[in-house]
Amino acid sequence: MAVITHAQRRSNLSQMIDKPGGVSIGVALTQARANIEAKRGEAAAVVDAQILALESITAPASPAELTARLEQAYHAANAVIDAASPFELDDLCRASAGLCDVIDAAQPGQAFDWRIVTVHARSLRLLQTLPLEETVARTQVLESLKQILTKKLPPKGSG
Amino acid sequence: MASPSSSARQSRATGGVGETLRESAVINLTGAVTMVVDDSPFALDLTTQALLGFGIKTRYTCNSGAEAMAILRDQPIDLLIVDCEMPDMDGYALVRWLRRSGLDPNAFAPVIMTAAHVRRSKVSEARDCGASFVVTKPFSASTLLERLVWIARDTRPFLEVGDYFGPDRRFRQGEAPGEERRSSLIRKAQFETERAAAQRGDA
């Protein structure tokens, strides 16, 4: 197969990064973390809204509806990760990522056990409301979801 | 704003992918014309806030691939940060279009893609669309900055190979681990072995 290599060119980024002025890495990170931290309250509201969206998705009445409903659920779970991940809400991210994995593994035209979505929605709500110090209860929730994933996901390397 | 000393300036912020940034190193990306594309207004806001902390004021924020395309056709950018998962035109399609657009300099602009979750069916898209980097979440300021500094120092050439147009996807320098699998290098090694054998025979 022919490979065409374009003459190497320096990007504008590479030309400006070492110019005088700017900011130290330490200061840049401190500022960025402070800016992100200021959004914590907003993030909690987004997570709440997306869990609500997930809870509100009704089970598909026909196979034709299944694809659209799964897409809705995937997007809601995806949005939970978007909002929760910068704030170290790892349990919420893990539960949402698991749901994304199961939906992603669903085969077109094949039946899907909708209880998986329902259980994930309830678990996310529980993880959201449980105090952070309730580590045992949180671990139990995640363990139950992990068991579902073990049963429902194809073994790694089979896809 | 810090005023960098020459010694700090001489010391580079990072050496390679995954290497931790040195806190005292100084970077200047203040003038970078940056576009962020994300269908989620909150995720878009988080990214622009992180960039603002790095000294980068985002010039263009877009909620869709179509909106981004309209700007990219007319306005040069220095950096594109785009979400992988978007309705209608996803991030992979946008980056693929950009690389093949023939727009100069935008077709060669550094692109960082962000993803909360990468679908299995999209793994090859993520590799082949021409992005400089795909950052999977959890999103953190340090990961984003580390990748930014890395692509600012990226010296990989752009390649056109079949359907692919983008930076050379081979990151590793020097010897590959284990058995060599690159056909061009295997053929070269065979040729050199045969030539050496022929020279011995002649002698």
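Predicted model: local features only at pLDDT ≥ 70, side-chain atom pairs only at ≥ 80, totals over all residues.
Student: Which residues point which way from β5(B)?
Tutor: B:V111, B:M113 and B:A115 point one way. B:I112 and B:T114 point the other way, and residues in both sets are buried.

Student: What does β4(B) do with it, and how many bridges join β4(B) to β5(B)?
Tutor: Strand β4, residues 79-83 of chain B, runs parallel to β5(B), and 4 bridges join the two. In β5(B), B:T114 is the bridge partner of B:D83. B:T114 is also one of the buried residues of that strand.

Student: And β6(B), parallel or antiparallel to β5(B)?
Tutor: Parallel, over 4 bridges; β6 covers residues 133-136 of chain B.

Student: Which residue in β6(B) is the bridge partner of B:I112?
Tutor: B:F133. B:I112 points the other way from B:V111, B:M113 and B:A115.

Student: Which helix goes with β4(B) and β5(B) in a β-α-β unit?
Tutor: Helix α4, residues 91-100 of chain B, and the unit is right-handed.

Student: What about the unit with β5(B) and β6(B), left-handed or right-handed?
Tutor: Right-handed, with helix α5, residues 123-128 of chain B, as its helix.

Student: Changing topic: how many helices and strands in chain B?
Tutor: Chain B comes to 7 helices and 8 strands.

Student: What share of chain B is buried?
Tutor: Buried residues are 39% of its 203 residues.

Student: And contacts in chain B, what share join residues at least 24 apart?
Tutor: 59%, taken among contacts between residues at least 6 apart in sequence.

Key: Residues numbered from 1 in each chain as written. Chains lettered and ligands numbered in written order. Buried ≥ 20, exposed ≤ 12 C-beta atoms within 10 Å, placed from the backbone. Contact = placed C-beta atoms within 7 Å. Pairing = 2+ DSSP bridges. Right-handed = clockwise from strand over helix to strand, strands pointing away.
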